[in-house]
Amino acid sequence: MTDTSKYKNITVTHKTYDDLDILRDKVLDPNLKLSRSQAVTYLVNEKKLNLMVKHMEKTKHKVICPECKGNGYIRVPYEQAREEVTARCDTCDCEGELTLTEEDFIDQIDKPN
Ligand SMILES: [Zn+2]
């Protein structure tokens, strides 16, 4: 008797059932010898992982601008300006924070120092 606290059934068309067998034999690693249930689990997990990666790629991270420390402007050193002068922060375009995407992090990793 199936443990209904752990398993649930699904119904698929004959076409889907046959396609699943083709995937098991031809596309998925033939050395794995997956059962149909294992093949469905494998495919669902693979799809789920792809969606998670796509979501991570879209996620944006807000960080305080390291150039102006979140002020949006930079105090020009007295030695250079000879008076109290502030300048726009070009790094964050006066926003005080930067929006980083996953690609920015990947770029940082790829760049050799
Ligand atoms: Zn800034």
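The following legends describe a predicted model in a series of close-up views.

Residue numbers start from 1 along each chain as its sequence is written.

**View 1. Overall fold of the protein.** The protein contains four helices and four strands, where helices (H or I, at least four residues) and strands (E, at least two) are DSSP runs numbered from the N terminus. Their order from the N terminus is α-α-β-β-α-β-β-α. The radius of gyration of the protein is 27 Å, well over the 13 Å that the globule rule gives for 113 residues, so the protein is more spread out than a compact globule. This radius is taken over C-alpha atoms, and the globule rule is 2.2 Å times the number of residues to the power 0.38. The C-alpha trace of the protein spans about 85 × 35 × 25 Å along its principal axes. Of the 113 residues in the protein, 3% are buried. A residue is termed buried if 20 or more other C-beta atoms lie within 10 Å of its own, exposed if 12 or fewer, and partly exposed in between, with C-beta atoms placed from the backbone. Among contacts in the protein with a separation of 6 or more, 44% are accounted for by residues 24 or more positions apart; a contact requires the C-beta atoms of two residues, placed from the backbone, to lie within 7 Å.

**View 2. Helices α1 and α2.** Helix α1 (residues 14-27) has 14 residues and reaches 19 Å from its first C-alpha to its last, close to the 20 Å expected at 1.5 Å a residue. Helix α2 (residues 36-58) has 23 residues and reaches 33 Å between the corresponding atoms, close to the expected 33 Å. The expected span is 1.5 Å times one less than the number of residues in the helix. One of the 14 residues of α1 is buried, so α1 lies largely in the open. For α2, the number buried is zero of 23 residues, so α2 also lies largely in the open.

**View 3. The contact of α1 with α2.** Two packed helices are described by the angle between their axes and the distance between the axes. The axes of α1 and α2 come within 10 Å and cross at roughly 80°, which makes α1 roughly perpendicular to α2. Axes are lines fitted to C-alpha atoms, for helices over the stretch in contact, and angles run from 0 to 180 degrees between N-to-C directions. Angles under 35 degrees count as roughly parallel, over 145 as roughly antiparallel, 65 to 115 as roughly perpendicular and the rest as oblique. On the α1 side, L20, L23 and R24 meet R36, A39 and V40 of α2. The residues of this contact divide into four nonpolar, no polar and two charged. Here Ala, Val, Leu, Ile, Met, Phe, Trp, Tyr, Cys and Pro count as nonpolar, Asp, Glu, Lys and Arg as charged, and the others, Gly among them, as polar. S37 also lies in α2 and is exposed, with 11 other C-beta atoms within 10 Å. The C-alpha atoms of S37 and L20 are 9.8 Å apart, at a sequence distance of 17 residues.

**View 4. Surroundings of Y73.** Y73 is placed in strand β2 (residues 73-76). With 14 C-beta neighbours inside 10 Å, Y73 is partly exposed. Leaving aside residues up to four places away in sequence, Y73 touches C68, T86, A87, R88, C89 and C94. The C-alpha atoms of Y73 and D90 lie 8.5 Å apart, although these residues are 17 apart in sequence.

View 5. K69 occupies the loop between β1 (60-64) and β2. Its phi is positive, about 60°, although K69 is not a glycine. K69 is exposed, with 11 C-beta neighbours inside 10 Å. D93 belongs to the loop between β3 (85-88) and β4 (97-101). D93, likewise not a glycine, has a positive phi of about 55°. D93 is exposed, with 11 other C-beta atoms within 10 Å.

View 6. S5 is found in the segment before α1 and is exposed, with 5 other C-beta atoms within 10 Å. S5 and V44 are 39 residues apart in sequence and 20 Å apart from C-alpha to C-alpha. D29, in the loop between α1 and α2, is exposed, with 9 other C-beta atoms within 10 Å. D29 and C92 are 63 residues apart in sequence, and their C-alpha atoms are separated by 48 Å.

Note on methods:
Predicted model: local features only at pLDDT ≥ 70, side-chain atom pairs only at ≥ 80, totals over all residues.
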